[in-house]
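Here are a few notes to go with your first look at this one. Have the viewer open as you read.

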Amino acid sequence: MDRGPGPWEAFFETAVASSPIGMGVISSVENRYLRANAPLADLFGMTIEEILATDPYSLARRITHPDEMVAEQSLFAELAGGARSFYRIEKRICRPDGTTRWALVTLHGILGEGADPTTGLRPLLFVVVQMVDVTEQKAAAEALRLGAAELRHAQKIDG
């Protein structure tokens, strides 16, 4: 008799769906997003269905600004290899409509139990993706920086 999802599954589904933070879960074994929420879709400029239908590596290459590609690939390689359990990076998200958003990205790896006998590495099973859209904060900080520079310039002229 199927009783539906248990309390932990219901908790997880509710937490992801109701979070104001963009969230997704990637299955490394299946090479696909298992879950994605509306804030993640909004940040990417896509629908949830489009995210779920696209392989994560191709999607990451499409949305990551070229200037951040090498740094993120290096961090992801360390995550996949078990050298780190998570990483955090601030990066630009290139959306299909040509606009760019800034995000604070955190990726956490969930490793399997058995280590590979030749490498000693445990397999990467899942990646939990969390992204906070910081575009407005970056714009406000830049406006503040420019205003301060203008004030300093005005003070030099006056004084």
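How exposed is Glu13, going by its relative accessibility? Glu13 comes out as partly exposed, at 32% relative accessibility; on this scale buried means under 20% relative accessible area, exposed over 50%, and partly exposed in between (1.4 Å probe, protein chains only).

Before the rest, a word on the source: this is a predicted model, where local features need pLDDT of at least 70, side-chain atom pairs count only at pLDDT 80 or more, and totals for chains, interfaces and linings use all residues. Residues are numbered from 1 along each chain as its sequence is written, and side-chain values use heavy atoms, with hydrogens and water left out.

1. Start with the partner of Glu13. Glu13 makes a salt bridge with Arg35, with 2.5 Å between the closest N and O atoms (a salt bridge is a side-chain nitrogen of Lys or Arg within 4 Å of a carboxyl oxygen of Asp or Glu). Because Glu13 sits in helix H1 and Arg35 in strand E2 (residues 32–36), the pair ties together parts that are 22 residues apart in sequence. Helices (H or I, at least four residues) and strands (E, at least two) are DSSP runs, numbered from the N terminus. Arg35 is partly exposed too, at 33%.

2. Stay on helix H1 (residues 7–18), which also holds Phe11. Phe11 is exposed, with a relative accessible area of 52%. Together, Trp8, Phe11 and Phe12 make a nonpolar surface patch of about 400 Å². Patch members have over 30% relative accessible area and no salt bridge; like charges are joined within 9 Å, and nonpolar side chains (Val, Leu, Ile, Met, Phe, Trp, Tyr) within 5 Å. The areas come from the Shrake-Rupley method with a 1.4 Å probe, and for residues only the protein chains shown count as cover.

3. Now look at Arg92, in strand E3 (residues 86–94). Its side chain meets that of Glu68 in a salt bridge (2.8 Å, N to O). Glu68 lies in helix H5 (residues 66–80), so the pair ties together parts that are 24 residues apart in sequence. Both ends are buried: Glu68 at 10% and Arg92 at 19%. Asp67 joins Glu68 and Arg92 in a network of salt bridges.

4. One more pair to click on: Asp133 and Arg101 form a salt bridge, their closest N and O atoms 2.7 Å apart. Asp133 is in strand E5 (residues 124–133) and Arg101 in strand E4 (residues 100–111), so this pair ties together parts 32 residues apart in sequence. The whole structure has nine salt bridges.
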